[in-house]
Amino acid sequence: MSEALDDLLDLLDLERIEQDIFRGHSRPTIVPRVFGGQVAAQALVAAGRTVPEHRTAHSLHAYFLRMGDPGAPIVYTVDRIRDGRSFTTRRVVAVQHGQPIFHLSASFQAWEDGLDHQAVMPDAPDPETLPTAAERLPRYAGNPLHPEIVRRMLEARAAVDIRYVGKPPYASIGERREPHSQVWFRTNGKLADDPLLHVCLATYVSDMTLLDSVLLAHGRGGWAVGDVVGASLDHAMWFHRPFRADEWLLYDQESPSAHGGRGLGQARIYTQDGRLAISVIQEGVVRVPHD
């Protein structure tokens, strides 16, 4: 296991303050606020620790309410909304400085058999043939990315191996492309056989690239370049089938709409053998900065 992944797992190992109250901390990010995927993953950890082990997460719905302070702890309070025969529902509020910064509702289900069909996995190259972030990002140091931004991006993604199928937004500024993006990802190291851990790590990664397709449609380089200002507004995920976050997952993303300072991203995540594991939808603020 890499040191960076070990640090990320420590970040997700929340401190229990009371029976249903947990405390977490943050890690440095590219922008001076808490990374949204981190808050979502930590909130799901808090919810999952109040649920029987045999019930696994099948959906989450979340709102980002305020910018998180990376220098202050985050307190997660879990409300036990419902414990039914098949489903368990939890609500989590994340608080900093006395104010809620994030709200999550999550549902867990006991395993059962049922009808089964899925969308076909799209074509994508073998992830092992694609450049890693460490191989790709330094090419753009100085043009268009500041070398310090490259360093911070590599540091932020050291725990997870993320490989773009096509050119990322920062590599195609001014080039309007189809609002569609694909990345392969997996953790940089093996994980324990804990379904909640794998779901939480996929949640963490899901907020990294989902709005790329919005940027591609308009030839924008993104937050690291500074030609847009953005932040996540809400986030929803449905976990369809078992998967491992330490094995290759294809994140197939597209944007059906951008309007009114907001952009919508939707995606499907597939295992390497073609099983549809997760569906994701996110809306975010995507604004062009004024001079």
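Is Q96 buried or exposed, and what is its relative accessible area? Q96 is buried, with a relative accessible area of 3% (buried means under 20%, exposed over 50% and partly exposed in between, with a 1.4 Å probe and protein chains only). The model is predicted, so local features need pLDDT of at least 70 and side-chain atom pairs count only at pLDDT 80 or more, while totals for chains, interfaces and linings use all residues. Residues are numbered from 1 along each chain as its sequence is written, and side-chain values use heavy atoms, without hydrogens and water.

Q96 belongs to strand β5 (residues 87–96); strands are DSSP runs of E of at least two residues, and helices are runs of H or I of at least four, numbered from the N terminus. Leaving aside residues up to four places away in sequence, Q96 touches G68, D69, A72, P73, I74 and I101 (contact means heavy atoms within 4.5 Å).

Four aromatic pairs are counted, taking rings of Phe, Tyr and Trp (its six-membered ring) with centres within 6.5 Å; planes under 30 degrees apart are stacked, over 60 edge-to-face and the rest tilted. Among them, F35 and Y204 are edge-to-face, at 5.2 Å centre to centre and 80° between the planes. F35 lies in the loop between β2 (21–24) and α2, and Y204 in helix α5, so this pair ties together parts 169 residues apart in sequence. F35 is buried at 18% relative accessibility, as is Y204 at 3%.
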